[in-house]
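Me: Could we go through a helix pair and a pocket in this model?

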Amino acid sequence: QRRVHGQAIMMTPHFTLAMSGVSAPLTARGAPMLSALAVTLASYEHKAMALEKESTDESLIATPGGAGPSGSGGDLGGQHGNLDMDKLLATYTIHDWPLFASCALVLGAVISMFFLHSAVKIHLDLAWTSLVGAMTLLLLSGIQDMDSVLRAVEWSTLLFFGCLFILMESLGELGLIQWIGDTVANLIIACPPSGQLPFALMLLLWVSAIVSAFIDNIPYTAAMVPIVVQMAEKTGLPIRPLTWALAFGTCLGGNGTLIGASANVVTAGLSDAAGFPITFVSFFKEGMPIAAGSIFVCAIYLLFCHAAVGWNY
(Lines give C-alpha, C1' and ligand atoms only; values in the text may rest on other atoms or scores of the structure.)
Protein backbone atom coordinates (compact mmCIF):
# COMPACT_ATOMS: atom_id res chain seq x y z
CA GLN A 1 0.00 0.00 0.00
CA ARG A 2 1.24 3.50 -0.81
CA ARG A 3 -0.58 6.57 0.48
CA VAL A 4 -0.36 9.86 -1.40
CA HIS A 5 -2.02 12.85 0.30
CA GLY A 6 -4.81 10.70 1.72
CA GLN A 7 -5.25 8.62 -1.44
CA ALA A 8 -4.37 4.95 -1.04
CA ILE A 9 -3.33 2.51 -3.72
CA MET A 10 -3.75 -1.12 -2.59
CA MET A 11 -3.40 -4.48 -4.27
CA THR A 12 -5.09 -7.41 -2.51
CA PRO A 13 -5.46 -11.04 -3.58
CA HIS A 14 -8.69 -9.92 -5.31
CA PHE A 15 -6.82 -7.07 -7.08
CA THR A 16 -8.96 -4.47 -5.32
CA LEU A 17 -8.25 -0.84 -6.14
CA ALA A 18 -9.21 1.52 -3.34
CA MET A 19 -8.79 5.15 -4.15
CA SER A 20 -10.49 7.96 -2.23
CA GLY A 21 -13.02 5.49 -0.88
CA VAL A 22 -13.94 4.01 -4.29
CA SER A 23 -13.40 0.25 -4.72
CA ALA A 24 -13.48 -1.82 -7.91
CA PRO A 25 -12.95 -5.60 -7.36
CA LEU A 26 -11.45 -7.42 -10.28
CA THR A 27 -13.11 -10.76 -10.67
CA ALA A 28 -13.60 -12.88 -13.74
CA ARG A 29 -16.63 -10.78 -14.68
CA GLY A 30 -14.60 -7.58 -14.25
CA ALA A 31 -11.69 -8.68 -16.41
CA PRO A 32 -12.40 -6.10 -19.17
CA MET A 33 -11.54 -3.39 -16.63
CA LEU A 34 -7.98 -4.73 -16.28
CA SER A 35 -6.44 -2.46 -18.90
CA ALA A 36 -8.04 0.73 -17.54
CA LEU A 37 -7.09 -0.12 -13.97
CA ALA A 38 -3.51 -0.89 -14.99
CA VAL A 39 -3.25 2.53 -16.60
CA THR A 40 -4.73 4.13 -13.47
CA LEU A 41 -2.30 2.26 -11.23
CA ALA A 42 0.65 3.33 -13.37
CA SER A 43 -0.54 6.94 -13.31
CA TYR A 44 -0.87 7.03 -9.52
CA GLU A 45 2.42 5.17 -9.12
CA HIS A 46 4.15 7.88 -11.18
CA LYS A 47 2.35 10.55 -9.12
CA ALA A 48 3.49 8.91 -5.89
CA MET A 49 7.11 8.80 -7.05
CA ALA A 50 6.97 12.46 -8.12
CA LEU A 51 5.50 13.52 -4.77
CA GLU A 52 8.12 11.52 -2.88
CA LYS A 53 10.90 13.21 -4.89
CA GLU A 54 9.32 16.62 -4.27
CA SER A 55 9.09 15.86 -0.55
CA THR A 56 12.75 14.80 -0.51
CA ASP A 57 13.87 17.97 -2.29
CA GLU A 58 11.80 20.21 0.01
CA SER A 59 13.19 18.49 3.09
CA LEU A 60 16.66 19.65 2.10
CA ILE A 61 15.62 23.25 2.71
CA ALA A 62 14.71 24.25 6.25
CA THR A 63 12.70 27.45 5.85
CA PRO A 64 11.78 29.58 8.88
CA GLY A 65 8.11 29.87 9.74
CA GLY A 66 7.16 26.91 7.61
CA ALA A 67 7.43 28.75 4.30
CA GLY A 68 8.11 26.60 1.30
CA PRO A 69 10.74 27.21 -1.33
CA SER A 70 8.31 29.14 -3.48
CA GLY A 71 7.54 31.70 -0.82
CA SER A 72 9.52 34.57 -2.28
CA GLY A 73 10.96 33.03 -5.40
CA GLY A 74 11.58 36.09 -7.58
CA ASP A 75 13.39 38.15 -4.95
CA LEU A 76 17.11 37.59 -5.27
CA GLY A 77 17.78 39.30 -1.97
CA GLY A 78 15.04 37.53 -0.01
CA GLN A 79 15.46 34.91 2.70
CA HIS A 80 14.74 31.46 1.33
CA GLY A 81 15.87 29.49 4.36
CA ASN A 82 18.99 27.61 5.36
CA LEU A 83 20.28 24.62 3.45
CA ASP A 84 20.98 21.47 5.40
CA MET A 85 24.42 20.58 4.04
CA ASP A 86 24.44 17.15 5.67
CA LYS A 87 21.25 16.17 3.83
CA LEU A 88 22.56 17.65 0.59
CA LEU A 89 25.80 15.68 0.84
CA ALA A 90 23.93 12.49 1.72
CA THR A 91 21.40 12.89 -1.11
CA TYR A 92 23.59 14.13 -3.96
CA THR A 93 26.72 12.09 -3.40
CA ILE A 94 28.00 9.70 -6.05
CA HIS A 95 26.15 6.38 -5.62
CA ASP A 96 27.05 4.71 -8.93
CA TRP A 97 30.80 4.82 -9.45
CA PRO A 98 30.80 2.78 -12.71
CA LEU A 99 28.33 5.26 -14.20
CA PHE A 100 30.48 8.13 -12.96
CA ALA A 101 33.53 6.58 -14.64
CA SER A 102 31.58 6.19 -17.89
CA CYS A 103 30.47 9.82 -17.74
CA ALA A 104 34.03 11.02 -17.12
CA LEU A 105 35.36 8.86 -19.96
CA VAL A 106 32.78 10.07 -22.49
CA LEU A 107 33.13 13.70 -21.39
CA GLY A 108 36.91 13.52 -21.75
CA ALA A 109 36.55 12.00 -25.23
CA VAL A 110 34.11 14.74 -26.32
CA ILE A 111 36.37 17.51 -25.03
CA SER A 112 39.34 15.90 -26.79
CA MET A 113 37.34 15.85 -30.03
CA PHE A 114 36.64 19.56 -29.58
CA PHE A 115 40.38 20.27 -29.50
CA LEU A 116 41.15 17.86 -32.35
CA HIS A 117 38.42 19.36 -34.52
CA SER A 118 40.55 22.39 -35.37
CA ALA A 119 43.76 20.40 -35.86
CA VAL A 120 42.57 17.28 -37.68
CA LYS A 121 40.15 17.07 -40.58
CA ILE A 122 37.07 15.55 -38.96
CA HIS A 123 33.85 15.55 -40.96
CA LEU A 124 31.75 16.15 -37.86
CA ASP A 125 31.00 19.59 -36.47
CA LEU A 126 30.87 20.32 -32.74
CA ALA A 127 27.13 19.71 -32.49
CA TRP A 128 27.39 16.21 -33.97
CA THR A 129 30.34 15.45 -31.70
CA SER A 130 28.26 16.33 -28.64
CA LEU A 131 25.32 14.29 -29.93
CA VAL A 132 27.48 11.23 -30.53
CA GLY A 133 28.87 11.58 -27.00
CA ALA A 134 25.36 11.75 -25.54
CA MET A 135 24.21 8.64 -27.42
CA THR A 136 27.38 6.78 -26.41
CA LEU A 137 26.77 7.62 -22.76
CA LEU A 138 23.17 6.40 -22.99
CA LEU A 139 24.40 3.07 -24.37
CA LEU A 140 27.08 2.70 -21.70
CA SER A 141 24.74 3.63 -18.84
CA GLY A 142 22.22 0.96 -19.75
CA ILE A 143 19.24 3.24 -19.17
CA GLN A 144 16.04 1.60 -20.44
CA ASP A 145 13.50 4.23 -19.40
CA MET A 146 13.98 7.00 -21.97
CA ASP A 147 10.93 8.88 -20.67
CA SER A 148 12.75 9.77 -17.46
CA VAL A 149 15.74 11.00 -19.49
CA LEU A 150 13.56 13.15 -21.73
CA ARG A 151 11.71 14.59 -18.72
CA ALA A 152 15.04 15.76 -17.28
CA VAL A 153 15.90 17.80 -20.39
CA GLU A 154 15.43 21.57 -20.04
CA TRP A 155 13.11 21.88 -23.03
CA SER A 156 12.18 25.49 -22.25
CA THR A 157 15.85 26.49 -22.33
CA LEU A 158 16.47 24.66 -25.62
CA LEU A 159 13.39 26.29 -27.15
CA PHE A 160 14.60 29.71 -26.00
CA PHE A 161 18.01 29.19 -27.60
CA GLY A 162 16.41 27.96 -30.82
CA CYS A 163 14.23 31.08 -31.06
CA LEU A 164 17.19 33.29 -30.10
CA PHE A 165 19.37 31.87 -32.87
CA ILE A 166 16.55 32.39 -35.38
CA LEU A 167 16.30 36.01 -34.24
CA MET A 168 20.05 36.54 -34.54
CA GLU A 169 20.11 35.07 -38.04
CA SER A 170 17.23 37.35 -38.99
CA LEU A 171 19.11 40.40 -37.71
CA GLY A 172 22.16 39.27 -39.65
CA GLU A 173 20.14 38.87 -42.85
CA LEU A 174 18.61 42.32 -42.34
CA GLY A 175 22.09 43.81 -42.02
CA LEU A 176 21.71 45.25 -38.52
CA ILE A 177 24.85 43.65 -37.09
CA GLN A 178 26.87 44.63 -40.16
CA TRP A 179 25.54 48.20 -39.87
CA ILE A 180 26.68 48.40 -36.24
CA GLY A 181 30.15 47.22 -37.22
CA ASP A 182 30.42 49.64 -40.16
CA THR A 183 29.27 52.56 -38.01
CA VAL A 184 31.90 51.80 -35.36
CA ALA A 185 34.61 51.51 -38.01
CA ASN A 186 33.62 54.78 -39.70
CA LEU A 187 33.66 56.65 -36.38
CA ILE A 188 37.14 55.33 -35.58
CA ILE A 189 38.49 56.18 -39.03
CA ALA A 190 37.08 59.72 -38.76
CA CYS A 191 38.84 60.33 -35.43
CA PRO A 192 42.12 62.37 -35.52
CA PRO A 193 45.22 60.13 -35.58
CA SER A 194 46.55 61.47 -32.25
CA GLY A 195 43.66 60.05 -30.24
CA GLN A 196 42.58 57.32 -32.61
CA LEU A 197 43.83 54.33 -30.61
CA PRO A 198 42.27 55.28 -27.24
CA PHE A 199 39.02 56.22 -28.97
CA ALA A 200 38.98 52.97 -30.92
CA LEU A 201 39.61 50.88 -27.81
CA MET A 202 36.86 52.55 -25.76
CA LEU A 203 34.34 52.53 -28.60
CA LEU A 204 34.93 48.87 -29.43
CA LEU A 205 34.86 47.89 -25.76
CA TRP A 206 31.66 49.64 -24.71
CA VAL A 207 29.68 49.13 -27.91
CA SER A 208 30.53 45.42 -27.89
CA ALA A 209 29.50 45.18 -24.22
CA ILE A 210 26.15 46.92 -24.77
CA VAL A 211 25.33 44.91 -27.89
CA SER A 212 26.31 41.59 -26.29
CA ALA A 213 24.10 42.28 -23.30
CA PHE A 214 20.94 42.16 -25.43
CA ILE A 215 21.79 40.02 -28.47
CA ASP A 216 23.87 36.93 -28.93
CA ASN A 217 27.57 37.76 -29.07
CA ILE A 218 28.53 35.03 -31.54
CA PRO A 219 27.05 36.59 -34.72
CA TYR A 220 28.17 40.05 -33.57
CA THR A 221 31.76 38.87 -33.06
CA ALA A 222 31.73 37.01 -36.38
CA ALA A 223 30.64 40.20 -38.14
CA MET A 224 33.10 42.43 -36.27
CA VAL A 225 36.31 40.40 -36.77
CA PRO A 226 36.74 41.18 -40.49
CA ILE A 227 35.73 44.80 -39.88
CA VAL A 228 38.38 45.17 -37.15
CA VAL A 229 41.04 43.61 -39.37
CA GLN A 230 40.13 45.86 -42.30
CA MET A 231 40.02 48.93 -40.05
CA ALA A 232 43.48 48.14 -38.64
CA GLU A 233 44.86 47.87 -42.17
CA LYS A 234 43.36 51.22 -43.22
CA THR A 235 44.36 53.20 -40.13
CA GLY A 236 47.61 51.44 -39.23
CA LEU A 237 46.38 50.73 -35.70
CA PRO A 238 47.83 47.65 -33.96
CA ILE A 239 45.50 44.69 -34.22
CA ARG A 240 46.28 43.21 -30.80
CA PRO A 241 44.63 45.87 -28.55
CA LEU A 242 41.64 46.11 -30.90
CA THR A 243 41.15 42.36 -30.64
CA TRP A 244 41.37 42.49 -26.85
CA ALA A 245 38.81 45.31 -26.72
CA LEU A 246 36.40 43.30 -28.87
CA ALA A 247 36.95 40.14 -26.80
CA PHE A 248 36.54 41.88 -23.43
CA GLY A 249 33.36 43.66 -24.52
CA THR A 250 31.60 40.69 -26.07
CA CYS A 251 32.55 38.34 -23.23
CA LEU A 252 31.87 40.49 -20.17
CA GLY A 253 28.91 42.40 -21.57
CA GLY A 254 26.80 39.24 -21.51
CA ASN A 255 26.86 39.28 -17.70
CA GLY A 256 24.56 42.30 -17.63
CA THR A 257 21.28 40.69 -18.64
CA LEU A 258 19.55 37.35 -18.33
CA ILE A 259 19.70 36.68 -22.08
CA GLY A 260 23.24 37.99 -22.57
CA ALA A 261 24.98 34.65 -22.03
CA SER A 262 24.04 30.99 -22.39
CA ALA A 263 25.06 30.21 -18.81
CA ASN A 264 22.63 32.85 -17.52
CA VAL A 265 19.67 31.26 -19.31
CA VAL A 266 20.57 27.73 -18.21
CA THR A 267 21.01 28.82 -14.58
CA ALA A 268 17.69 30.68 -14.62
CA GLY A 269 15.94 27.59 -16.00
CA LEU A 270 17.36 25.34 -13.29
CA SER A 271 16.51 27.89 -10.60
CA ASP A 272 12.94 28.22 -11.86
CA ALA A 273 12.54 24.43 -11.87
CA ALA A 274 13.68 24.36 -8.23
CA GLY A 275 11.04 26.94 -7.23
CA PHE A 276 13.18 30.08 -7.28
CA PRO A 277 12.33 31.96 -10.50
CA ILE A 278 14.73 34.68 -11.65
CA THR A 279 13.11 37.49 -13.61
CA PHE A 280 14.78 39.63 -16.26
CA VAL A 281 14.54 42.77 -14.10
CA SER A 282 15.91 41.13 -10.95
CA PHE A 283 18.88 39.73 -12.88
CA PHE A 284 19.44 43.12 -14.56
CA LYS A 285 19.63 44.86 -11.17
CA GLU A 286 22.31 42.48 -9.96
CA GLY A 287 24.15 41.72 -13.18
CA MET A 288 24.45 45.10 -14.89
CA PRO A 289 26.48 46.79 -12.10
CA ILE A 290 28.85 43.80 -12.08
CA ALA A 291 29.18 43.90 -15.87
CA ALA A 292 29.76 47.66 -15.86
CA GLY A 293 32.40 47.32 -13.15
CA SER A 294 34.28 44.60 -15.00
CA ILE A 295 34.16 46.57 -18.26
CA PHE A 296 35.46 49.65 -16.43
CA VAL A 297 38.44 47.63 -15.12
CA CYS A 298 39.14 46.40 -18.66
CA ALA A 299 38.95 49.98 -19.92
CA ILE A 300 41.63 51.06 -17.45
CA TYR A 301 43.81 48.13 -18.50
CA LEU A 302 43.45 48.91 -22.21
CA LEU A 303 44.12 52.64 -21.79
CA PHE A 304 47.15 52.13 -19.58
CA CYS A 305 48.83 49.09 -21.14
CA HIS A 306 48.03 49.61 -24.80
CA ALA A 307 47.31 53.32 -25.28
CA ALA A 308 49.73 54.87 -22.73
CA VAL A 309 52.53 52.31 -22.38
CA GLY A 310 52.30 51.06 -25.97
CA TRP A 311 52.25 47.34 -25.22
CA ASN A 312 50.74 46.57 -28.61
CA TYR A 313 52.98 43.87 -30.12
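**Helix packing and a pocket**

Reply: Helix H9 (residues 217-235) and helix H10 (residues 239-252) pack at an angle of about 165°, and their axes lie 10 Å apart. Axes are lines fitted to C-alpha atoms, for helices over the stretch in contact, and angles run from 0 to 180 degrees between N-to-C directions. Helices are DSSP runs (H or I, at least four residues) numbered from the N terminus. This is a predicted model, where local features need pLDDT of at least 70, side-chain atom pairs count only at pLDDT 80 or more, and totals for chains, interfaces and linings use all residues. Residues are numbered from 1 along each chain as its sequence is written, and side-chain values use heavy atoms, with hydrogens and water left out.

Me: How are H9 and H10 oriented to each other?

Reply: H9 and H10 are therefore roughly antiparallel (angles over 145 degrees count as such).

Me: Which residues of H10 make the contact?

Reply: Ile239, Leu242, Leu246 and Thr250 of H10 do, with heavy atoms within 4.5 Å of H9 residues including Tyr220, Met224 and Val228.

Me: Switching topic: what volume does the second largest pocket have?

Reply: The volume of the second largest pocket is about 190 Å³, taken as the space filled by probe spheres set on the grid points.

Me: Which helix gives the most to the lining of that pocket?

Reply: H11 does, with 4 residues. Helix H6 (155-174) and helix H11 (262-273) are the elements that give two or more residues to this lining. The lining includes Ser156, Phe160, Val265 and Asp272.

Conventions: Angles under 35 degrees count as roughly parallel, over 145 as roughly antiparallel, 65 to 115 as roughly perpendicular and the rest as oblique. On a 1 Å grid over the protein atoms alone, a cavity is a set of points where a 1.4 Å probe fits but cannot get out, and a pocket is an open set with protein on both sides within 12 Å along at least five of seven lines; lining residues have an atom within 4 Å of a point.
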